[in-house]
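Let's walk through this structure together, starting with the whole chain and then zooming in on a few side chains. Have the viewer open as you read.

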Amino acid sequence: FFRKVKVYGQPNLFAKSVEFTQLAAEYKAVNLGQGFPDFSPPQFITEAFCKAVSGGPPMHQYTRAFGHPALVQSLAKFFSRIVGHDIDPFEDILVTVGAYQALFCAFQALIDEGDEVIIVEPFFDCYQPMVVMAGGKAVYVPLRPKEGTAVLSSGDWVLSAEELASKITPHTKAIVINTPNNPLGKVYKREELQMIADLCIKHDLLCFSDEVYEWLTYDGAKHVKIASLPGMWERTVTIGSGGKTFSATGWKVGWAMGSGHILKYMKTIHQNSIYHCATAAQEAVAQGFEREHELFGTPQSYFQQLPAMLHHRREKLASSLKGVGLQPIMPEGGYFMITDISSIAVDFKDSDTKDENYDFRFVKWLIKEKGLATIPVSAFYSPEHSKEFDKYIRFCFVKENSTLDAAEEILKKWSQNESSH
Amino acid sequence: WNDSLFRLFRACCVVASRLLLCMFLFRVAFTSLAADPSVVNLGQGFPDIPPPSYVKEALAKAVSVDRMNQYTRGFGHPPLVKALSQVYGHVYGRPIDPFKEVLVTVGGYGSLFSTMQGLVEEGDEVIIIEPFFDCYVPMVRMAGAKPVFIPLRLKSGKKSITSADWYLDPDELSSKFTSKTKAIIINTPNNPIGKILTRDELQMIADLCIKHDTLCFSDEVYEWLIYRGQQHVKIATLPGMWERTITIGSAGKTFSVTGWKLGWSIGPQHLIRHLQTVMQNTLYTCPTPLQEAVAQGLMLNMELIGQPECYFTSLAEELEGKRDRMAAIVQEAGMTPVIPEGGYFMLVDVSALNQDLSDMKTDDDDDEAYDYKFVKWMIKKKKLAAIPVTAFVSDQSTKDFEKYIRLCFIKVNKTLLLWLH
């Protein structure tokens, strides 16, 4: 029922990214690889944490195992009106140690031996080992750039309804989607989610919807919750993140939301693995949601301010990349931007890496030769498709202007070197 | 998929074990009964005394440092693993590699989970000493293994007065080791009895581990709560044991901050790396600011070792007074306390009261153990909550432990006095 160490032992992207991080540190590279902000969380949230810390003894002792009451209540209140369903704070929500642990509970609780799970690529790489750990089999469907048009935005990457439908078998248990998507930045449109929902309902499938970047949408793109579509609340687990919501990834407060009859199995996994999450951090996130509830839709809302700030950083990075002849794919949402590197010819003098995918070699070369750290995008693909998508690298633009300025300098120098050849 | 989910649920939490069902149902029933504010709660195993102010201050300070609010190293925040390596290097009398021999987890509970998942395989047997912290059994089962029980036995002819009056029968223990035995779990100081395994007892266990080439999982979360005249010995320090032992510790129990949910596993690299892999695939990393604050608390106390202000010893001194006061109160009430050598729980023999509990019998469970009925009666009639000790034993040992309830004495004097009144 729980998979064994041999299966656990697959190195995942985090392990690889540790390797890249070490390399980046060694070469003192400007790090646009790591997926977390290098600026501070908003003051109101750090103040909320400090207030919780100086609260009475209960703030430092165990709280309710499935979620601190103040937090589940504020999440239920906040999201009920967005999902269009009365969310029961105690039945329909499980608080976890980051969205990562919510994903773990979902796969462990709901995927049985022999089940197939459809994963839309490119995917946050932990999905695959978690499917395998639960005894399931991962089946992949890639987002593909639209044919015939210039591919300038993440919105130009689409899922084929026929291709998706063709992957469904009698063993299919669930579909995993991530919107806004890491690494591509795609924000699924309502029609696209409807297409997925129709298949879920037709074939009685579950849907795991990883929505950690839900507040980060740009250019008027609208984040739609698949759980809000008709017939989907009862079969969807929606995963969220306090860390991504409030730019405090190190707090590790996440949650899963869904119908109680599904959540209860996840609660059992949680109870027998972690049991409780840290109290003070949950209290602080609860206060954050209370504030946002009051300010929702207004200019003072952090959920307006953060995407507005990142919108410009995204533009800034994109123009720096274009300046050196790279083709960025403008993300409609999220923390990341991918860039097509096929137009740059590089002579990898490093024969050690010749068996690796092109983008992996490029990333290492970029760190060593240019002092700029990124992540290779083929790491987010299945083995069967990774060679198809090995000409992209991923940048994180959720960084201080100074970091992006430093990156811009590197790219300017690079393009000057190119033009001088 | 409803059928398979139900099967999964059953496999996960019941597996034909009345014990697990009892525990699960008991927790639910107990929580609602004891939630009545007029009930003095000496059941729950966490402090209502405040943690030392310097750890709270360290946490508030950590949150004000930008970098401390973002992801840290997955296997443990470097300042924390270094602090653990220093403190425990001193305690063990051997160098401990902070990066290879230490893993930070979500509480001692998370360490137990990572250990079971990382090192126990399907078909293994794991020896558990009764009474045991209740999560050991579901965790062993979830790893696909079989729990094998051996009870602590009361020395005959002794009216039980201290936890030292319980012992492990050497022949009985030896008989439990088979070719399938993967590990033995020990908990010292023990929850709920408070027994501290003596060096001789640990040597006996060690000899068997070496003879049968088994692992030892040593849950030492209460390691600092040792009362006068007692000594806590780490089984990992006995010859031949470092290489086969995982030792578990807890920040929550060390600094009276159970709500911080930070713990650690210490052991040889060839074992710890499997726990690290589990961590990487379940929740990836623990919260940063909490780890930073615990690191500071450890370093501060490291400087104070041997001095009266050192929390590693001062907390135990404070608790000894509470222990003795509680024992006196219990005796005055006509019951017999079992004075614990360590930990913050006390067993109380209620048989002298000869309490008639016939009106506590429920229709659906004629078989309910005496201590369960007694606790319900005590909550209803005496407004005092405790935990029935048979919750910590297997079916075959129920008869030996059903005259005991467990009280927690890490409570402010006001709480203890409330009960006295």
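In this predicted model, buried residues account for 66% of the 421 residues in chain A. The chain holds 14 helices and 15 strands. Its radius of gyration is 21 Å, close to the 22 Å that the globule rule gives for 421 residues, so chain A is as compact as a globular protein of that length. Take the contacts in chain A between residues at least 6 apart in sequence: 72% of them join residues at least 24 apart.

Now for the inside. The largest nonpolar core has 231 residues, and the members that touch the most others are A:F107, A:F208 and A:F362. Helix 5 of chain A (residues 98-110) gives the most to this core, with ten residues. Click on A:F107 and look past its neighbours within four places in sequence: you'll find it in contact with A:V117, A:Y127, A:M130, A:V131, A:A134, A:V176 and A:F208. Another core, of 31 residues, lies apart from the largest one; A:V120, A:L205, A:L229 and A:Y392 are among its members.

Which of its residues are buried? They are A:E192, A:L193, A:M195, A:I196, A:A197, A:L199 and A:C200. Their cover includes strand 6 (157-158), helix 7 (161-166), strand 7 (172-178) and strand 8 (206-210) of chain A. After the helix comes A:D204, which has a positive phi, near 55°.

Let's finish with the aromatics. Over all chains there are 59 aromatic pairs. In one of them, B:W166 and B:Y404 have ring centres 5.6 Å apart and planes at 65°, and since an angle over 60 counts as edge-to-face, so does this pair. The two partners sit 238 residues apart, B:W166 in strand 6 (residues 166-167) and B:Y404 in strand 15 (residues 404-408) of chain B. Both are buried.

Back in chain A, ring pairs tie A:F44, A:F78, A:F79, A:W215, A:F246, A:W255, A:F289, A:F296, A:Y302 and A:F303 into a cluster. A:F44 also has a charge over its face: A:R291 lies there, 3.8 Å from the ring centre. Over in chain B, B:R94 lies over the face of B:W242, at 4.0 Å from the ring centre.

Methods:
Residues are numbered from 1 along each chain as its sequence is written. Chains are lettered from A and ligands numbered from 1 in the order in which they are written. This is a predicted model: local features need pLDDT of at least 70, side-chain atom pairs count only at pLDDT 80 or more; totals for chains, interfaces and linings use all residues. Side-chain values use heavy atoms; hydrogens and water are left out. Buried means under 20% relative accessible area, exposed over 50%, partly exposed in between (1.4 Å probe, protein chains only). Helices (H or I, at least four residues) and strands (E, at least two) are DSSP runs, numbered from the N terminus. Contact means heavy atoms within 4.5 Å. A nonpolar core is a set of buried Ala, Val, Leu, Ile, Met, Phe, Trp, Tyr and Cys residues joined through side-chain atoms within 4.5 Å. Rings of Phe, Tyr and Trp (its six-membered ring) pair if their centres lie within 6.5 Å; planes under 30 degrees apart count as stacked, over 60 as edge-to-face and the rest as tilted. A charge sits over a ring if NZ of Lys or CZ of Arg is within 6 Å of the ring centre and within 35 degrees of the ring normal. The radius of gyration is taken over C-alpha atoms; the globule rule is 2.2 Å times the number of residues to the power 0.38.
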